[in-house]
Amino acid sequence: MTRDEVQALLPFLANGTLEGAEREEAEQMLDADPDLRAELHALQTVRATLRAEDPGHSPGEIGLARLMREVGKDGTARRPFWQSVHTWQSVAAALLVALLLQALFTGTDPGEDGYELAGADPEAGPAITVAIRPDTTEAAFRDLLLRAGAEIVGGPSALGLYELRPLNDVTIEEARRILETSDIVEDVTGSGD
């Protein structure tokens with residue numbers, strides 16, 4: 001055993017946890033090297049001082065006890081089942097099978113679009129585009145929509161424009177007239193322009 005190896009083992013000698021052949025070799029080296037003995041004595045003094053000041057168990061000792069409890073007999077830490085790579089591979093495979101079965105039984109054709117934009121129904125009738133003042137509250141805008149009998153089918157766009165359609169019992173002219181007379185609407189376009 002080299003001097004550096006013994007020097008690395010000094011903390012274990014100081015706290016009494018070095019055992020067996022390593023302890024014997026380290027003690028032989030200590031007998032021959034007064035500097036190593038002085039270093040060991042300093043470590044033992046520091047340890048004794050810290051022990052005298054410590055009212056209970058240190059967090060390190062508690063953590064070590066918890067770690068030792070988690071370490072199995074073979075020296076490896078036990079992992080929860082969900083940390084196992086095999087478990088994640090199994091879960092991923094099961095999800096893939098579930099998605100494939102869903103596609104098979106729902107009869108979805110990968111070539112079909114399957115999605116459409118809200119308000120993109122061309123048969124729903126003409127739309128009105130409005131620009132609302134930037135300082136308008138949501139409550140004021142909602143109140144205007146209720147009075148005009150209109151619903152938002154698009155927007156706000158990058159310019160802040162909303163696309164509106166009248167509800168079933170309101171004509172587009174009635175909705176447009178109410179929108180045009182509102183003080184929160186800056187501009188009305190579409191359907192009749």
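Analyst: Glu138 and Arg142 are 4 residues apart in helix α6 (residues 138–148), and therefore about one helical turn separates them. An α-helix has 3.6 residues a turn, so residues three or four places apart point the same way. In this predicted model, the two side chains form a salt bridge, with the closest N and O atoms 2.8 Å apart. Glu138 counts as exposed because its relative accessibility is 52%, above the 50% limit. Arg142, at 44% relative accessibility, counts as partly exposed.

Helix α6 also supplies one partner of an aromatic pair. By the rule applied here, the count comes to 1 aromatic pair. Since Phe141 belongs to helix α6 and Tyr162 to strand β3, the pair ties together parts that are 21 residues apart in sequence. The angle places the pair in the tilted class because only planes under 30 degrees apart count as stacked and those over 60 as edge-to-face. Phe141 is buried, with a relative accessible area of 9%. Tyr162 also counts as buried, at 18% relative accessibility, because the limit for that class is under 20%.

In α7, the buried residues are Ile172, Ala175, Arg176, Ile178 and Leu179. Seen down the helix axis, these residues fall within an arc of 165°, so they line one face of α7. Glu173 and Arg177 are exposed on the other side of the helix. The cover over the buried residues of α7 includes β1 (128–132), α6, β3 (161–166) and β4 (185–189). Helix α6, which holds Phe141, and strand β3, which holds Tyr162, are thus both among the elements that cover the buried residues of α7.

Arg176 is buried, with a relative accessible area of 12%, and its side chain meets that of Glu180 in a salt bridge of 3.0 Å, N to O. Glu180 is partly exposed, with a relative accessible area of 45%. Being 4 residues apart in helix α7 (residues 172–180), Glu180 and Arg176 are separated by about one helical turn, as Glu138 and Arg142 are in α6.

Arg133 counts as partly exposed at 30% relative accessibility, and Asp135 counts as exposed at 54%.

The protein chain contains 7 helices and 4 strands. From the N terminus on, its elements run α-α-α-α-α-β-α-β-β-α-β. Of its 193 residues, 20% are buried. Among contacts between residues at least 6 apart in sequence, 57% join residues at least 24 apart. The chain exposes about 14400 Å², and carbon and sulfur atoms supply 58% of that area.

Elsewhere in the chain, part of the exposed surface is nonpolar. Val97, Leu101, Leu104 and Phe105 form a nonpolar surface patch with about 440 Å² of accessible area together. Val97 lies in helix α5 (residues 85–106) and counts as partly exposed at 46% relative accessibility. Ala48, in helix α3 (residues 34–53), is also partly exposed, with 46% relative accessibility. Ala48 and Asn15 are 33 residues apart in sequence, with 9.3 Å between their C-alpha atoms.

Note on methods: Residues numbered from 1 in each chain as written. Predicted model: local features only at pLDDT ≥ 70, side-chain atom pairs only at ≥ 80, totals over all residues. Heavy atoms only, no water. Patch = residues over 30% accessible without salt bridge, like charges linked within 9 Å, V, L, I, M, F, W, Y side chains within 5 Å. Areas by Shrake-Rupley, 256 points an atom, 1.4 Å probe, with all protein chains shown as cover. Salt bridge = Lys/Arg side-chain N within 4 Å of Asp/Glu carboxyl O. Helix = DSSP H or I, 4+ residues; strand = E, 2+ residues; numbered from the N terminus. Buried < 20%, exposed > 50% of the residue type's maximum accessible area, 1.4 Å probe, protein only. Arc of directions from axis to C-beta. Contact = heavy atoms within 4.5 Å. Phe/Tyr/Trp six-rings, centres within 6.5 Å; stacked < 30°, edge-to-face > 60°.
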